[in-house]
Amino acid sequence: MILYVTSFFATLFFSALFATGGMGSSIVLIPILGFLGVDFNLAKAVGLFINTTTTSTASFLNWRRQLLDFSTITPFLIASVCCAPIGTYCASIWNVEYIKLAFVVFLFFSSAKIFFRGSTPHEEIVKCKWAMFPLGLGVGFLAGLLGIGGGALIVPVLFAMGFSPIQIAINASFMIPFSTMSAFLSYAGLITIDWTLIGVTTTASMLGGFVGNRIMHAKLKNTDIKNVLCLAMCLVGLKMLYDILAV
């Protein structure tokens with residue numbers, strides 16, 4: 001019972017925090033669940049499902065507000081989903097530790113660049129929507145290769161294209177659920193799922209996604225959202241660096 005209560009409130013808090021930046025919170029919740037005694041593979045499966053429900057809730061609210069730009073999102077989404085299995089296959093035959101280390105450096109560099117850069121979008125860059133397809137291929141491949149959610153890859157790419165922080169949060173929240181649900185289903189076929197834990201954390205993540213999305217639109221400025229995105233990317237980088245050094 002203590003596990004479920006603690007998991008509920010931890011999921012609620014971090015899902016709301018990360019939803020303000022349009023990202024899932026599994027990078028933080030997976031080690032927390034592990035600390036609470038949850039098997040690592042089960043924690044990863046729960047984390048993937050949490051990412052799916054948090055970002056899906058935020059995406060639904062953004063869709064209700066008619067904020068999603070499907071003409072921009074769809075090419076990126078199709079390309080990244082199609083290319084992710086190729087990256088997953090390559091991960092099974094390549095030594096990816098050096099690639100992960102390079103990606104950690106990239107995350108810290110990108111977060112610093114975003115943090116110290118202004119929040120005004122460059123509209124002439126955003127209009128190059130044809131570039132979303134090849135970028136989606138690269139992001140999908142790297143996501144599968146490195147075994148992480150696409151959020152940490154999507155954010156710096158969209159920022160480099162000139163999207164404002166709030167546009168990034170809205171678009172990223174729609175892109176993430178497709179890949180994370182696919183990954184969760186693959187885990188569900190391999191391990192025993194604690195459906196009570198899934199139910200508790202799913203309820204909390206949906207509430208957190210709702211609260212975080214409302215805060216993003218009602219309370220936060222572009223600069224605040226930018227800071228949340230930078231924090232999330234740094235947390236991903238620190239977690240990956242810990243995994244590399246712990247091997």
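Start with the secondary structure: colour the protein by element and you will find eleven helices and zero strands, where helices are DSSP runs of H or I with at least four residues and strands are E runs of at least two, numbered from the N terminus. This is a predicted model, in which local features need pLDDT of at least 70 and side-chain atom pairs pLDDT 80 or more, while totals for chains, interfaces and linings use all residues. Residues are numbered from 1 along each chain as its sequence is written, and side-chain values use heavy atoms, with hydrogens and water left out.

Next, select helix α2 (residues 26-35) together with helix α11 (residues 222-246). Their axes come within 9 Å and cross at roughly 45°; axes here are lines fitted to C-alpha atoms over the stretch in contact, with angles from 0 to 180 degrees between N-to-C directions. That makes α2 oblique to α11, a label for angles that are not under 35 degrees (roughly parallel), over 145 (roughly antiparallel) or 65 to 115 (roughly perpendicular).

Show the side chains here: Ile27, Val28 and Pro31 of α2 meet Leu235, Val236 and Lys239 of α11, contact meaning heavy atoms within 4.5 Å.

Now move to Ser205 in helix α10 (residues 195-218). Is Ser205 buried or exposed? Ser205 is buried, at 0% relative accessible area; buried means under 20%, exposed over 50% and partly exposed in between, using a 1.4 Å probe and protein chains only. Look for its side chain reaching the backbone oxygen of Thr202 at 2.9 Å. Then, beyond neighbours within four places in sequence, select the contacts of Ser205: Thr11, Ser15, Ile50, Thr53 and Thr54.

Terms used. Polar contact = N/O pair within 3.5 Å; in protein donor to acceptor, adjacent residues only side chain to side chain.
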